[in-house]
Amino acid sequence: MISKYRTLFNTQFTEEKYNDLKIDIASDFNYDPTFRIAETPFFISNELKSQLIAGCNDVIALIKDEEFKKLTNKALELNTKIPNEDLHSSFIAIDFGICEENGEVIPKLIEVQGFPSLFNYQINLYEKFKTHYPFLEALTPLVNTTPTEYNALLKNIICNNHPAENVVLLEIEPEKQNTKIDFYYCRRDIGIPIVCVTEIIKKGKQLFYTNEKGDEILIKRIYNRVIFDELNLRTDLKLNFDFSDDLDVEWAGHPNWFFRISKFILPFLKGKYFIETQLLSELKSIPEDLENYVLKPLFSFSGSGVIFNVTKEDIAAVEQKELYILQKKVNYIPILQSPDGKVKVEVRMLYIWNKEDEDPTLLCNLARLSRGEMIGVKYNKDKDWVGGTIGLFEK
């Protein structure tokens, strides 16, 4: 999108430098990420940046509406309601596909999540790219802060002034998660331990974990990375507590917001940055041009359960129609110039929201590159210049 930097990057790019970048990342924890790291950042023009922020502002306006909780209570009724919900989500992630409409480039909202993303990994990825391509110092993935301030802001939202040892990053078998590189950076940069849900000890209303010395440590705040879609499928796990318990603990990312701020709200968003979306339970008739639609479960994560080439039989087979949406496909525009063709892009804008703030704060972003019909690993196997990366703005 910024031809100056695209030309400069592509001129300097070599497979050797790409391998050095990956080795550099792996060296931090002697660990190779299991997801594909893309060869390049995505260079975002000021015009596209303004559009992305405008689209985010429209989403946030709905979330800030005084009727929002009433509007989304149904999302909790369809799932498990967790006690002690806070005023608003600590995290918002807003995904846009870079699309074409009427011959113009425009971001279109694909998904929105009241859940944390790769906040710790992304800022470190930026630093790695700068090491191998020093000219990238002229660009930034940040909007409202500097790299120096970034970790302090992130630590504040995660820990809320509690000692780091009393805050845990909670996940299901974190060592097996594709996102564990982010957990490692979080532990290193924020200082909190990584704890599996099966390791939690409950005593009355309090929760504890066992540290490396064997001491039981009180948990005052949970940085929640647990996806309930996954947790509900893991009937083999033995937990000593239940998320629905009335617990004496704070949440950095209260679980209810995963359901409230989700694909559940897409049908309520109207405007130029949004896509025609309907709850399957409210569908009056099946569109004749189904090839132009995608069927998606409301509360799944990482694209699980999405049917891209949807048929009438697929719709008829859905038993819980209130848990699915039918969304019109968008026309992703191949926009990022690789050495051998152009690549499609999604950008995820990452927000934190301190409890005392009226508005969330845009901190960072991530980008995903694709040559397949969808953004996702299974659509991009054996391809290059695809995978996870970061969007960079002009300073």
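Biologist: Where does Asn84 lie?

Modeller: Asn84 is in the loop that runs between α4 (68–77) and β2 (91–101). Keep in mind that this is a predicted model.

Biologist: Is Asn84 buried, exposed or partly exposed?

Modeller: Partly exposed. The relative accessible area of Asn84 is 45%.

Biologist: What about the phi of Asn84?

Modeller: The phi of Asn84 is positive, about 65 degrees, and Asn84 is not a glycine. Most residues other than glycine have a negative phi.

Biologist: Which loop holds Asn102?

Modeller: The loop between β2 and β3 (104–113). Asn102 is not a glycine either, yet its phi is positive, at about 55 degrees.

Biologist: And Asn102, buried or exposed?

Modeller: Exposed. Asn102 has 75% relative accessibility, and the cut-off for exposed is over 50%.

Biologist: New topic, cysteines. How many disulfides does the count give?

Modeller: The count comes to 0 disulfides. A pair of cysteine sulfur atoms has to be within 2.5 Å to qualify.

Biologist: Is Cys99 buried or exposed?

Modeller: Buried. Its relative accessibility is 1%.

Biologist: What is the story with Cys196 and Cys186?

Modeller: The closest cysteine sulfur to that of Cys196 is in Cys186, at 16 Å, so that is too far for a bond. Cys196 is buried too, with 7% relative accessibility.

Biologist: Where is Cys364 placed?

Modeller: In strand β17, residues 361–370. Cys364 is buried, at 2% relative accessibility.

Biologist: What does Cys364 touch, beyond its neighbours within four places in sequence?

Modeller: Cys364 is in contact with Gln122, Pro141, Leu142, Tyr150, Arg348, Met349, Leu350 and Ile390.

Biologist: How far apart are Cys364 and Asp20?

Modeller: In sequence, 344 residues. In space, 24 Å from C-alpha to C-alpha.

Biologist: Which residues make the contact of α2 with α5?

Modeller: From α2, they are Lys17, Asp20, Leu21, Asp24 and Ile25. From α5, they are Tyr121, Leu125, Lys128, Phe129, Thr131 and His132. By class, the contact has 5 nonpolar, 2 polar and 4 charged residues.

Biologist: How do α5 and α6 pack?

Modeller: At an angle of about 170 degrees, with axes 11 Å apart. Angles over 145 degrees count as roughly antiparallel, so α5 and α6 are roughly antiparallel to each other.

Biologist: Left-handed or right-handed, for α5 passing α6?

Modeller: Left-handed. The α5 side of the contact is Phe119, Asn120, Ile123, Tyr126 and Glu127. The α6 side is Pro147, Tyr150, Asn151 and Leu154. The classes here are 6 nonpolar, 2 polar and 1 charged.

Biologist: What about α6 and α7?

Modeller: Helix α6 covers residues 147–159, and helix α7 covers residues 180–190. The two pack at about 100 degrees, and their axes are 11 Å apart. That makes α6 roughly perpendicular to α7.

Biologist: Which residues meet there, in α6 and α7?

Modeller: Asn151, Leu154, Lys155, Ile158 and Cys159 of α6 meet Cys186, Asp189 and Ile190 of α7. These residues split into 5 nonpolar, 1 polar and 2 charged.

Biologist: Last one. Where does Thr179 lie?

Modeller: In the loop between β5 (167–171) and α7. Thr179 is partly exposed, with 26% relative accessibility.

Biologist: And how far is Thr179 from Lys272?

Modeller: The C-alpha atoms of Thr179 and Lys272 are separated by 32 Å. Along the chain, these residues are 93 residues apart.

Conventions. Residues numbered from 1 in each chain as written. Predicted model: local features only at pLDDT ≥ 70, side-chain atom pairs only at ≥ 80, totals over all residues. Heavy atoms only, no water. Buried < 20%, exposed > 50% of the residue type's maximum accessible area, 1.4 Å probe, protein only. Contact = heavy atoms within 4.5 Å. Helix = DSSP H or I, 4+ residues; strand = E, 2+ residues; numbered from the N terminus. Nonpolar A, V, L, I, M, F, W, Y, C, P; charged D, E, K, R; others polar. Axes fitted to C-alpha atoms, helices over the stretch in contact; angles between N-to-C directions. Parallel < 35°, antiparallel > 145°, perpendicular 65-115°, else oblique. Left-handed = near helix turned anticlockwise from the far one by under 90°.
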